[in-house]
Amino acid sequence: MEMSNTFEQYRHTLLPALHSKLEEFVLLGYKDVRIEQLWDYMKVKKWKTEESRMLHQLVNDILSVSVGEYMHYATMEAFKDSQRNATNRDLESYKDLFV
């Protein structure tokens with residue numbers, strides 16, 4: 001079973017904790033973070049090596065995320081996306097040379 005699917009079964013149950021964490025982010029001035037983004041962060045970073053965890057551990061993981069941790073992740077993901085997009089644009093400009 002894929003790791004992210006392991007946690008998907010808890011997603012609906014964990015929504016209150018996710019909403020609570022987003023409210024905290026808003027209070028600290030970070031209004032643009034969405035549930036999907038926070039959920040992806042949890043799956044990719046916090047739970048990437050865990051096979052199974054108890055529900056209370058998942059809630060604790062969500063509630064213990066700091067703004068700094070999340071923003072570092074978001075910044076790195078944005079940088080990776082911009083690099084991928086730049087590479088794709090560069091390849092497109094050379095496409096005519098290989099026809």
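Y41 and Y70 are both buried, where buried means under 20% relative accessible area, exposed over 50% and partly exposed in between, with a 1.4 Å probe and protein chains only. The model is predicted, so local features need pLDDT of at least 70 and side-chain atom pairs count only at pLDDT 80 or more, while totals for chains, interfaces and linings use all residues. Residues are numbered from 1 along each chain as its sequence is written, and side-chain values use heavy atoms, with hydrogens and water left out.

A search of the whole structure finds six aromatic pairs. One of them joins Y41 and Y70 in an edge-to-face arrangement, with 5.7 Å centre to centre and 80 degrees between the planes. Because Y41 lies in helix α3 (residues 35-46) and Y70 in helix α5 (residues 67-93), the pair ties together parts that are 29 residues apart in sequence. Rings of Phe, Tyr and Trp (its six-membered ring) are paired if their centres lie within 6.5 Å; planes under 30 degrees apart count as stacked, over 60 as edge-to-face and the rest as tilted. Ring pairs also link F25, Y41, Y70 and Y73 into a cluster.

Leaving aside neighbours within four places in sequence, Y70 is in contact with F25, V33, Q37, L38, Y41 and V65, contact being heavy atoms within 4.5 Å. The largest nonpolar core has 19 residues, and those with the most contacts inside it are F25, Y41, W47, I62 and Y70. The elements that give two or more residues to this core are α2 (11-27), α3, α4 (55-63) and α5. Such a core is a set of buried Ala, Val, Leu, Ile, Met, Phe, Trp, Tyr and Cys residues joined through side-chain atoms within 4.5 Å. In soluble globular proteins, nonpolar side chains tend to be buried together.

**The chain as a whole**

The chain has five helices and zero strands, and from the N terminus on its elements run α-α-α-α-α. Helices (H or I, at least four residues) and strands (E, at least two) are DSSP runs, numbered from the N terminus. Buried residues make up 25% of the 99 residues in the chain. Among the contacts in the chain with a separation of 6 or more, 69% are accounted for by residues 24 or more positions apart. The accessible surface of the chain comes to about 7100 Å², of which 54% belongs to carbon and sulfur atoms; accessible areas come from the Shrake-Rupley method with a 1.4 Å probe, and for residues only the protein chains shown count as cover.

**Salt bridges**

The structure holds six salt bridges, each a side-chain nitrogen of Lys or Arg within 4 Å of a carboxyl oxygen of Asp or Glu. The table includes three of them.

| E8 | K43 | 2.9 Å |

The salt bridge of E8 with K43 links distant parts of the chain, with E8 in helix α1 (residues 3-8) and K43 in helix α3, 35 residues apart. E8 counts as partly exposed, at 28% relative accessibility.

At 43% relative accessibility E36 counts as partly exposed, whereas R11 counts as buried at 18%. Leaving aside neighbours within four places in sequence, R11 is in contact with I35, E36 and W39.

E77 and K80 both lie in helix α5, three residues apart, about one turn of the helix. E77 is partly exposed, with a relative accessible area of 25%, and K80 is partly exposed with 38%.

**Surface and loop positions**

L27, L28 and Y30 make a nonpolar surface patch of about 350 Å². Patches are made of residues with over 30% relative accessible area and no salt bridge, with like charges joined within 9 Å and nonpolar side chains (Val, Leu, Ile, Met, Phe, Trp, Tyr) within 5 Å. L27 is placed in helix α2 and counts as exposed, at 77% relative accessibility.

R34 is placed in the loop between α2 and α3 and counts as partly exposed, at 47% relative accessibility. The C-alpha atoms of R34 and L22 are separated by 7.4 Å, although the two residues are 12 residues apart along the chain.
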